[in-house]
Amino acid sequence: MQELEIIKPDDWHVHFREGSILKAVVPETSRHFARAIVMPNLSPPILEGADASIYQKEIMDAIPENDEFSPFMTLYLTENTNCKNLEDSFKNGLIFAAKLYPAGATTNSDSGVKNIKNIMPILEKMSEIGMPLLIHGEVTNKEIDIFDREKVFIENNLEFLCKELPDLKITLEHITTKDAVSYIKQGNKNLAASITPHHLALNRNSIFLNGIKPHNYCLPILKREVHRKALVEAAISGNSKFFLGTDTAPHFKKDKESECGCAGVFNATYCMSILAEIFDQNKSLNNIERFTSLNGSNHYSLQPNSKKIKLVKRTYPINFMDRIEVEKDSIVVFKPDFPVFWEIV
Ligand code: DOR
Ligand code: ZN
């Protein structure tokens, strides 16, 4: 049996939703993670500090008694964002970061930003006060192929932002391409990227082979194997610009399996096991702590957690649970297409 102790991880990108889903999924994250950045794409979105404060209380109420967990709140940027409220909410510690969704890019992004140039005054203010910008980096133009949307965003938008605002702390979220990996590597010191377990584990075949797999549909969409490999290389390298943001995104099973299925993979439950397996397969367990517990806090100028967790390699693979029952429906739990031997104890 192999064992590994690491500093308790953080998840720098989660979706908790609201109501019954939130109650069901918060414990799945708070079990293994000390802190998480909570996405604001509710319907309606979290636009001001007061919305975030109510939402944070709902999350806190769903944390099991024995878990020590801190949710870090975000605001959803629009072309009408109240700059004074954003500044005040950041300065008084209620809000940790702001999220840029290009309008139409993903779940509940319709009130997002149509043209980044229209929010430059807000971004300038964020740069001035040291507030991180989290970006869903995909263009939404209909003529751009869905598999190219991240690459084109980097060329058309991210490059511009980094040039205009070199002091702005930027996280390019859930990167999916080798192009993103190489852009981030050569970027300025304020630019970093989060990577999800599902983009490390699967390539686009997992959506389409042997029948369509709606539970592997997420955005940005899974890419070719060459891209998955580049993401794995980045994650296992220990490079401080890459860290874990699971993008765990629960949707009801019926909404994933519908005629117009939602994008999102719910991966909170086995995320750390899956990552340990991937790092182990790549003979890089020595770097998992950097990826899950050090690089993210370093990017956000925070101290690492003081607690530790233990990972244990079993001789038999984990028997994954299929789903979490919620109301009269369920949320399907992400599992990769390889056996996973690592457990968190
Ligand atoms: O797959 C995704 N699901 N990607 C996102 O960007 C949003 C998320 C969600 O909220 O469901
Ligand atoms: Zn997300």
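The model is a predicted one, in which local features need pLDDT of at least 70 and side-chain atom pairs count only at pLDDT 80 or more, whereas totals for chains, interfaces and linings use all residues. Residues are numbered from 1 along each chain as its sequence is written, chains are lettered from A and ligands numbered from 1 in the order in which they are written, and side-chain values use heavy atoms, with hydrogens and water left out.

Ligand 1 is surrounded by 14 residues, of which R17, N41, T106, L219 and H251 are the closest; a residue is taken as near a molecule or strand if one of its heavy atoms lies within 4 Å of it. T106 places a polar side-chain atom 3.0 Å from an oxygen atom of this ligand, while A263 approaches an oxygen atom of ligand 1 with a backbone N or O atom, at 3.0 Å.

H15 also takes part in the site of the zinc ion (ligand 2), which is coordinated by H13 (NE2), H15 (NE2) and D247 (OD) at 2.0 to 2.1 Å. Donors are here N, O and S atoms within 2.8 Å of the metal (3.2 Å for Na, K and Ca), and water is not among the atoms, so sites may look incomplete. The spacing of the donor residues in sequence is H-x1-H-x231-D. Both histidines, H13 and H15, are buried, where buried means under 20% relative accessible area, exposed over 50% and partly exposed in between, with a 1.4 Å probe and protein chains only.

Across the whole structure, a search finds 10 aromatic pairs, rings of Phe, Tyr and Trp (its six-membered ring) being paired if their centres lie within 6.5 Å, with planes under 30 degrees apart counted as stacked, over 60 as edge-to-face and the rest as tilted. In one of these pairs, the ring centres of F243 and Y300 are 5.8 Å apart and the planes stand at 65°, so the arrangement is edge-to-face. Because F243 lies in strand β10 (residues 242-244) and Y300 in the loop between α12 (288-299) and β11 (308-313), the pair ties together parts that are 57 residues apart in sequence; helices (H or I, at least four residues) and strands (E, at least two) are DSSP runs, numbered from the N terminus. F243 and Y300 are both buried, and together with W12, F72 and F96 they form one aromatic cluster.

K117 lies over the face of F160, at 5.0 Å from the ring centre, and the charged end of R204 sits over the ring of F147, 4.6 Å from its centre.

In a regular strand the side chains alternate between the two faces of the sheet. The bridge partner of E325 in β13 is S330. Two residues lie between the strands of this hairpin, in which E327 takes a positive phi near 50°; at 61% relative accessibility, E327 counts as exposed.

Helix α11 (residues 271-281) is largely enclosed by the rest of the structure, because 10 of its 11 residues are buried. The helix is followed by K283, whose phi is positive, near 50°.

Most residues other than glycine have a negative phi, and most peptide bonds are trans. N108, although not a glycine, has a positive phi of about 50° and is found in the loop between β6 (97-100) and α4 (120-129). A cis peptide bond joins S43 and P44, with omega about 0°, and the bond from L219 to P220 is likewise cis, with omega near -5°.

How values were computed: Lys NZ or Arg CZ within 6 Å of the ring centre and 35° of its normal. Pairing = 2+ DSSP bridges. Polar contact = N/O pair within 3.5 Å; in protein donor to acceptor, adjacent residues only side chain to side chain.
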